[in-house]
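Reader: I would like to learn how to read a few features from a set of coordinates. Please take them in turn.

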Amino acid sequence: MFRRNLWKIALSLIIVAWAVSTLLPLRDRDFATYAKAHATAKSAEFAKLADEAVSLRKAGHAPSDYVALKQIAKDRKLDLTQYFTDIELESKLTNVEKRNSILLTELSARSKAKLQRGLDLAGGVAFTLEVDPKAAEKFSNDTRKEKLTKAIEIIGNRINSYGIAEPVIRPVGENRIEVQLAGVNPKDNPDILDLVKKPARLDFRTVHPTLTPATAPNGEVPPGYEILTLEQDGPKGESYSEDLFVKRIPEMGGDAISDSGVRADLYGKPEVTLNFTKEGRKHFADITREIANNGRQAGRAGRLAIVLDGRLYSAPTVKDEIDSQSAQISGGAMTDREAFALSNVLNNPLDLPLTVKEVKIVGPSLAEDAVSSGVRASIIGTVLVAAFMITFYTTGGLVAVVTLAVNVVIIFGVMASLGATMTLPGLAGIVLTIGMAVDANILIFERMREELALGKSLQVANQTGYMKALMTILDAHAVQLIICAIMIIFGQGPIKGFGVTLAIGVLSTLFSVLITAHLVMEMLIESNFLKRFTMRRMLKDLHIDFVKYGKPAFIGGWLIVALGVGVVLYKGDRIYGIDFAGGEVISIEFNQRLDIAKVRQVAENAKLGEVQPRHVSALGGGKEVLEIETREGKSDALFAALKQNFPNAGLEKVGESHIGASIGKEIEWNALRAVTFSMLTILIYIAFRFEFGFGIGAMVSSLHDILMTIGLFVLFDHQFSAPMVAAILCIAGYSINETVVVFDRIREELKLNPTGSLRDIINSAINKVFARTIMTATTTFLAALSLFLFGGGVLRDISFTFLVGIVTSTFSAIFVAAQVFYWWHKGDRKHVEAHSDVAPKYEWTGSSKASQ
């Protein structure tokens, strides 16, 4: 037994150990303390430098220990890498200042917790970018608005390329963009602002064929040229520069480039590759031909200047015409990181130059009590699920709980390895994943119950029950994974993040249930430690004619859907929250700090709808300000309500502006496309794995569940936010999970009962899985219920969505999916057999000497 299961034991232990190691450290560590503890050479000497940096920061001469240490090294020309021999840098990088920058960035990253908290839990940084007024004057209002929308998309692409999870990017007024980033400290990472706002204007210009600033008479600049400096690194790390006369008017711009990448040159140094468009290739050939001809006439090789945002990156010599699909930007002063950063901005160029107007440190948008109540609700939900499993499945339930712990560790470990950010909605998603994870255990245990009822031994029942439930579990989770992929492909921000978290949960559940839990059950049973498997029932065996009640239930369900859709149409744009509709933001100074939870309570009592309060302060210090986002036209009423409730707080409104939606129209359309593709995916997969009639039933059922959930969500006066879209898409995955369980049993009954009518087959299948369906729904319902009762804010919205979705999914699996399948085949079993492989299958329960 041990030898047979050795690979499962080893695999489980390795994955869990990896997940735990990936999660550590759980909290951020002080940068200076961490750096001193991890210096591997001349540690006492480095400790003195670190202490000096701390003193500079405390004296107010540097914003952080990171910046202070970087400044000390620059002033004294120290190579800090000598103290950290275990950290390998680029072998070709000899510039000391750049080596120090890369080293300190790496140390800063290592000192942070692997799983970072989001804006709602830990805050972050917010900066406002303003369009250059002179550049904006060139465009009409409509064109400027269009370019601002495009700039938001480009900034989002740039930020995503640096692995910063779930940023908030939205327009403010008519010429500003606000960017909020979680887990980013501009004191330690000031380059992030430059990387975001760079316009990435690429020019190809000609260098003067005969003159340089060093040889020009009286240093005069030729007409039409300007002096640009090309920085280079020498072989020993020294920096030197070359001044060149470069033509002001470019010969060709960045619009001739289709895309950009990074590779190593012949000497191992990084270079940025530029792939031309069809027209760009022709234009580049014309330019290089002219430069080569001018160079031959001047008696020296001509040069082409490659200029990005006014900086001369490269000036290669051109001896002949270059008729090529690509070109390269290289330079001795360029590091690997700079090359990737350059390639990124070239792939996402901005039309409008942006300047940083203000930078603020943002506090968490949720109060401590809201966070603690969310965590408490998550713990209660997990305990309820565990108690339910142990109550009804005793030892098996305990095994399921243990594997749940394995499941959670793996989920957090994978999230940490991917650089994901943990938000409260994300935590809610994990709790709900826990509820759904035990569904697979329940499917196996209920199959074992049936096998034990046939008189089979516990060992045989464990193996047979596992095998009979295996394909059902794989089918249900495969469709969920496909839907997660659709959320990741078409979603952005929280929607994409929710999809990633859910996909991790699905894969982790498959591993923990099918490998780890089955391994533990096998070892317990085969070692005779578990001789009897006690399982309690929630419901007794049923004998209900579900097909008889199918039509009225189907009509009733769609009437509720129609009511919900009607309410959605009646409310119109009022169903959208700030994420979708935008709103107003007010800045309030105070003498007495207001708790975030109290601000939310005042807004709720005044019935002002959604508010998003947070405390902010300027990067360089200064007075803290309360900023509150409200729906359009609600800010004045909220400020008046706050002054009335806190008359001694000294509240004074010091700013007000309009904010645009952080979820743009493109993302809305992507969400609709995601729902459409989810429906088609469900139809295709179920039709492929089962039969086309099953696919139609599953698609109609999922559409019913999504529409009913949306309708009831709006009917109970909830508003859509970004996490809500993800939660509603998640309902499609849960819905198909319940439907597959019913369909799998119908398919099995068709094979085992060769003489039964289609009506009898469907009724028999639903009666047999009804108790199982209620049990699986109950575990997820308990998890969602705890979040609804003990959580607050967005947790209540998400959990409400899931409570509705769980009920509707259970209802539709029986009264929509199965009934549509029955009507699609006109109640005729022969119609089913003509379209699928449902040949009768006989299972013998007798025994023979060979089996004894």
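Reader: Where is confidence lowest, and where is it highest?

Author: This is a predicted model, so start with the confidence score. Where pLDDT is low, the predicted coordinates should not be read in detail. The chain has an average pLDDT of 81, and 86% of the residues score at least 70. Helix α9 (residues 191–197) has the lowest mean, 63, while helix α16 (residues 546–571) has the highest, 92. For residues 839–852 the pLDDT is below 50, and this stretch has 11 contacts in the model beyond near neighbours in sequence.

Reader: How many salt bridges are there?

Author: A pair counts when a side-chain nitrogen of Lys or Arg is within 4 Å of a carboxyl oxygen of Asp or Glu. The count by this rule is 36 salt bridges. One of them pairs Lys8 with Glu522, at 3.5 Å from N to O. Lys8 belongs to helix α1 and Glu522 to helix α15 (residues 494–526), so this bridge ties together parts 514 residues apart in sequence. Both Lys8 and Glu522 are buried.

Reader: Is Glu226 buried or exposed, and which side chain does Glu226 meet in a salt bridge?

Author: Buried means under 20% relative accessible area. Glu226 has 19% and is therefore buried. Its side chain meets that of Arg205 in a salt bridge, 2.5 Å from N to O. Glu226 lies in strand β6 (residues 225–233) and Arg205 in strand β5 (residues 202–206), 21 residues apart. Arg205 counts as buried because its relative accessibility is 6%.

Reader: Which residues do salt bridges with shared partners join into one network?

Author: The network holds Arg447, Glu450, Asp744, Arg745, Arg747, Glu748, Glu749, Lys768 and Arg772.

Reader: What does the side chain of Arg449 reach?

Author: Arg449 is in helix α13 (residues 424–453), and its relative accessibility of 11% makes it buried. The side chain of Arg449 reaches the backbone oxygen of Arg536 at 3.0 Å. Leaving out residues up to four places away in sequence, Arg449 touches Tyr393, Met535, Arg536 and Arg537.

Reader: Which residues form a nonpolar patch on the surface?

Author: Residues in a patch need over 30% relative accessible area. Val20, Leu24 and Leu26 form such a nonpolar patch, together exposing about 280 Å² of accessible area. Val20 is part of helix α1 (residues 6–23). With a relative accessible area of 38%, Val20 is partly exposed.

Methods: Residues numbered from 1 in each chain as written. Predicted model: local features only at pLDDT ≥ 70, side-chain atom pairs only at ≥ 80, totals over all residues. Heavy atoms only, no water. pLDDT = per-residue confidence, 0-100. Helix = DSSP H or I, 4+ residues; strand = E, 2+ residues; numbered from the N terminus. Contact = heavy atoms within 4.5 Å. Patch = residues over 30% accessible without salt bridge, like charges linked within 9 Å, V, L, I, M, F, W, Y side chains within 5 Å. Areas by Shrake-Rupley, 256 points an atom, 1.4 Å probe, with all protein chains shown as cover. Buried < 20%, exposed > 50% of the residue type's maximum accessible area, 1.4 Å probe, protein only. Polar contact = N/O pair within 3.5 Å; in protein donor to acceptor, adjacent residues only side chain to side chain.
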